[in-house]
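Thanks for coming, everyone. Please bring up the model on your screens, and we will walk through it together.

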Amino acid sequence: MTDQNHLKSLRKRTRAVHAGTRRSQYGEVSEAIFLTQGFVYDSAEAAEARFIETGPDEFIYGRYGNPTVAMFEDRIASLEGAEDAFATASGMAAVNAALVSMLRAGDHVVAARALFGSCLYILEEVLTRYGVEVSFVDGTDLSQWEAAIRPGTKAVFFESISNPTLEVIDIAAVSRLAHAVGALVIVDNVFATPVFQDTLGLGADVVVYSATKHIDGQGRCLGGVILGSKQYIRKVVEPYLKHTGGAMSPFNAWVMLKSLETVDLRCRAQAQSAQRIAEALEGMPGLSRVIFPGLPSHPHHALARAQMETGGTVIALEIAGGQAAAFRFLNALKIVAISNNLGDAKSIITHPATTTHQRLTEEQRQGLGITRGLVRLSVGLEDAEDLIADLSTALDAARGA
């Protein structure tokens with residue numbers, strides 16, 4: 001059996017393989033899937049005792065917890081450097097639970113305005129419907145955070161790298177402002193991945209992931225996870241999710257658990273290719289802009305270098321000629337697939353204005369920099385030179401060359 005205490009002193013890649021492992025009496029090498037809704041007790045007294053206080057390796061019901069799900073939670077918590085984690089059915093279930101579980105009518109939240117469309121929906125529609133006041137700011141402008149955060153603000157929420165325009169937010173600076181008034185800092189860290197950034201170490205209190213993205217990394221399952229202190233996870237998040245039913249399934253947890261074994265290798269390979277592709281495409285005919293935190297031309301390049309190990313795995317491309325040219329570009333691609341996911345082993349491209357952010361008004365999209373020519377490229381594990389050739393050929397098609 002792996003010594004879990006010893007693992008705490010080891011590096012991320014080792015923890016990603018071994019942390020959280022529980023073995024049955026059979027001594028299996030690959031972690032077991034416990035596909036069960038409930039659990040049996042030795043006696044009525046044992047059942048009563050477990051409902052009063054669940055032990056560290058005891059379970060009651062699949063909605064409350066499961067051995068396979070617990071292994072995934074323990075492993076991702078070790079990788080992130082968090083005290084605890086709760087796995088959810090999807091990334092949006094994680095975002096929703098992280099916010100709703102801690103907020104009440106009359107509370108105040110400050111959020112960056114550059115967010116994934118569904119995150120905006122939760123902040124603009126769900127929270128406000130129940131009496132929570134939400135203020136939006138330009139996440140890259142610290143003066144706006146300072147003006148919006150006030151005594152009584154309960155939480156701030158932002159994506160460490162925004163979707164899809166790749167703005168980079170100063171986690172440490174925003175955290176200092178939030179903590180000065182006792183506000184909780186909740187960060188959606190999907191684009192930075194669990195590999196490249198110590199988000200909690202930079203000052204965040206809570207980190208949220210769509211495990212559907214880089215954590216699975218192979219387009220198979222939905223999932224999400226919330227990471228933070230044991231107090232927040234077990235006293236705030238867990239009661240909410242236990243009673244509202246947003247728990248991760250054991251099968252999906254097993255997929256995510258096995259994917260964590262290779263997440264470091266995959267993300268590093270993808271980030272290396274993304275850097276190579278961004279450098280090759282910058283200045284290429286047919287492109288108005290290449291937006292990538294790893295490029296010196298990115299307005300937040302210095303901050304990205306300070307916060308992250310790499311520029312990440314996602315590139316935004318501004319196709320000259322607007323939507324018509326962008327569609328010609330997309331339709332000419334042979335390797336890169338048109339889809340709305342990211343973080344996959346396969347390279348995926350998205351036209352945000354007509355898909356992930358289509359519910360926004362044209363004015364809102366323009367304010368966020370989501371033009372009709374913008375496309376979001378998630379770089380996969382294919383050979384970088386093959387991807388550059390595919391993208392170059394598609395740019396020629398977009399220009400009518």
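A word on names before we start. Helices and strands here are DSSP runs, numbered from the N terminus; a helix needs at least four residues and a strand at least two. And keep in mind that this is a predicted model.

Let's begin with a loop. It sits between β4 and α8, and L166 is found there. What is the phi of L166? It is positive, about 60 degrees, although L166 is not a glycine. P164 lies in that loop between β4 and α8 too. Look at the peptide bond from N163 to P164: it is cis, with omega near 10 degrees. Why point these out? Because most residues other than glycine have a negative phi, and most peptide bonds are trans.

Now the aromatics. A search of the whole structure gives four aromatic pairs. One of them joins W145 and F158, edge-to-face. Their centres are 5.7 Å apart, with 70 degrees between the planes. W145 belongs to helix α7, residues 142-148, while F158 belongs to strand β4, residues 153-159, so the pair ties together parts that are 13 residues apart in sequence.

Next, two helices. Find α12, residues 263-281, and α16, residues 384-398. Their axes come within 10 Å and cross at roughly 35 degrees. The crossing is right-handed. Which residues of α12 meet α16? They are S273, R276, I277, A280 and L281. On the α16 side, the partners include A384, L387, I388 and L391. By class, this contact has eight nonpolar, two polar and two charged residues.

On to the pockets. The largest pocket holds about 1,200 Å³ of space. Its lining counts 46 residues. Nearest its centre lie P56, D74, D84, K230 and R234. Several elements supply at least two lining residues each, among them α3 (44-52), α4 (67-80), β1 (84-88) and α10 (230-244). The lining divides into 19 nonpolar, nine polar and 18 charged residues.

The second largest pocket has a volume of about 450 Å³. Which of its 23 lining residues are closest to its centre? M92, F116, S210, K213 and N341. Helix α5 (91-100) and strand β6 (206-210) each give at least two residues to this lining.

Technical notes
Residues are numbered from 1 along each chain as its sequence is written. This is a predicted model: local features need pLDDT of at least 70, side-chain atom pairs count only at pLDDT 80 or more; totals for chains, interfaces and linings use all residues. Side-chain values use heavy atoms; hydrogens and water are left out. Axes are lines fitted to C-alpha atoms, for helices over the stretch in contact, and angles run from 0 to 180 degrees between N-to-C directions. A crossing is left-handed if the near helix is turned anticlockwise from the far one by less than a right angle, and right-handed if clockwise. Contact means heavy atoms within 4.5 Å. Ala, Val, Leu, Ile, Met, Phe, Trp, Tyr, Cys and Pro count as nonpolar, Asp, Glu, Lys and Arg as charged, and the others, Gly among them, as polar. On a 1 Å grid over the protein atoms alone, a cavity is a set of points where a 1.4 Å probe fits but cannot get out, and a pocket is an open set with protein on both sides within 12 Å along at least five of seven lines; lining residues have an atom within 4 Å of a point. Grid points are joined across faces, edges and corners, and a volume is the space filled by probe spheres set on the points. Rings of Phe, Tyr and Trp (its six-membered ring) pair if their centres lie within 6.5 Å; planes under 30 degrees apart count as stacked, over 60 as edge-to-face and the rest as tilted.
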